[in-house]
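Here is a short report for a reader who is meeting this structure for the first time. Please keep the sequence and the model at hand while reading.

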Amino acid sequence: MVRLAIFASGTGSNFEAIVHAEKNGGMPFTCALLVCDQPQAAVLVKADKAGVPSVVFEPKAFDDKAAFEQAIRAALEEHNIEFIALAGYMRLIGPTLLNSYEGKIVNIHPSLLPAFPGLNAVGQALQAGVKVTGVTIHYVDSGMDTGEIIAQQAVPVSDNDTEESLRKKIQAVEHTLYPETLANLLQSCEK
């Protein structure tokens, strides 16, 4: 089993979907750690209920990004983490983690990249008036949502969609696509 760390900053719906998929069996990974940057994030309660160890690192407690990421890397090493899945983690990953986990960090994004990178992709899609948006899972590199695409799935946009209704449609896809994609990716990494 590949030891997986999930990085999240918010409510943790994708964290929950990945943990649920693991608990249902047949996954080549174990959710070994949650890394969070927000001490009040709802995902921490979900991790506790699921029995997944968690650590919280607040960026402002560190002198710089390198020190922040060195502390995270130490926690990852302590938990023997082999692969990282970003799931609503609202920070760019810097060189300290990118170099330590090269090719072993993936992210999920609520659009069909390269369209609508960065924050509020759902709002960007609605504002642009597109008829189709979607979900992208990609490797993480030094850019914002610029890494190699692993998987995508389209989500139709209705004329009466709001940000909330479209976000719910996208999340429904995310909660299936992310665990399946991680399983496919990590199947080949299994020892």
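Asn 120 has a relative accessibility of 41%, so it counts as partly exposed. The model is a predicted one. Asn 120 sits in the loop between β5 and α5 (121–128). Its phi is positive, about 55°, although Asn 120 is not a glycine.

Phe 116 lies in the loop between β5 and α5 as well. Phe 116 also takes a positive phi, near 55°, and is a residue other than glycine. Is Phe 116 buried or exposed? Its relative accessible area is 16%. The cut-off for buried is under 20%, so Phe 116 is buried.

Pro 114 is another member of the loop between β5 and α5. The peptide bond that leads from Leu 113 into Pro 114 is cis. Its omega is near 15°.

| Residue | Relative accessibility | Class |
|---|---|---|
| Asn 120 | 41% | partly exposed |
| Phe 116 | 16% | buried |
| Cys 31 | 7% | buried |
| Cys 36 | 1% | buried |

## The whole chain

The chain holds six helices and seven strands. Read from the N terminus, its elements run β-α-β-α-β-α-β-α-β-α-β-β-α. The radius of gyration is 16 Å, close to the 16 Å that the globule rule gives for 191 residues, so the chain is as compact as a globular protein of that length. Along the principal axes, the C-alpha trace spans about 50 × 40 × 30 Å.

Buried residues make up 48% of the 191 residues.

What is the order of the strands in the open sheet? The seven strands are arranged β3-β2-β1-β4-β5-β6-β7, and their pairing is mixed. The edges are β3 (54–56) and β7 (149–156). Each has a single partner strand, so one side of each is left without a neighbour in the sheet. From one strand to the next, the twist averages 20°.

At one end of this order, β6 (residues 132–139) and β7 run antiparallel. Seven bridges join them. His 138 has Ile 149 of β7 as its bridge partner.

Helix α3 (residues 65–78) lies across β1, β2, β3 and β4 (83–86). Its direction makes an angle of about 155° with β2.

## An enclosed helix

Why is helix α1 (residues 13–23) largely enclosed by the rest of the structure? Eight of its 11 residues are buried, so the helix is largely enclosed. The buried residues are Ser 13, Asn 14, Phe 15, Ala 17, Ile 18, Val 19, Ala 21 and Glu 22. Their cover includes strands β1 (2–8), β2 (29–36) and β5 (105–109). It also includes helices α2 (42–50) and α6 (163–187). Just after α1, Gly 25 takes a positive phi of about 90°.

In soluble globular proteins, nonpolar side chains tend to be buried together. The largest nonpolar core here has 38 residues. Leu 4, Phe 29, Tyr 178 and Leu 182 touch the most other members. Helix α6 gives the most to this core, with nine residues.

Which residues does Phe 29 touch, not counting those up to four places away in sequence? They are Met 1, Val 2, Leu 4, Ile 18, Glu 22, Pro 179, Leu 182, Ala 183 and Leu 186. Of these, Ile 18 and Glu 22 are among the buried residues of α1.

A second, separate core has 22 residues. Phe 7, Phe 68, Ile 81 and Ile 105 are included in it.

## Cysteines without a bond

A disulfide is a covalent bond between the sulfur atoms of two cysteines. How many disulfides does the structure hold? It holds zero. The closest cysteine sulfur to that of Cys 36 is in Cys 31, 15 Å away, which is too far for a bond. Cys 31, at 7% relative accessibility, counts as buried. Cys 36, at 1%, counts as buried too.

Terms used. Residues are numbered from 1 along each chain as its sequence is written. This is a predicted model: local features need pLDDT of at least 70, side-chain atom pairs count only at pLDDT 80 or more; totals for chains, interfaces and linings use all residues. Side-chain values use heavy atoms; hydrogens and water are left out. Buried means under 20% relative accessible area, exposed over 50%, partly exposed in between (1.4 Å probe, protein chains only). Helices (H or I, at least four residues) and strands (E, at least two) are DSSP runs, numbered from the N terminus. Contact means heavy atoms within 4.5 Å. A disulfide is a pair of cysteine sulfur atoms within 2.5 Å. A nonpolar core is a set of buried Ala, Val, Leu, Ile, Met, Phe, Trp, Tyr and Cys residues joined through side-chain atoms within 4.5 Å. Two strands pair if DSSP finds at least two bridges between them. Axes are lines fitted to C-alpha atoms, for helices over the stretch in contact, and angles run from 0 to 180 degrees between N-to-C directions. The radius of gyration is taken over C-alpha atoms; the globule rule is 2.2 Å times the number of residues to the power 0.38.
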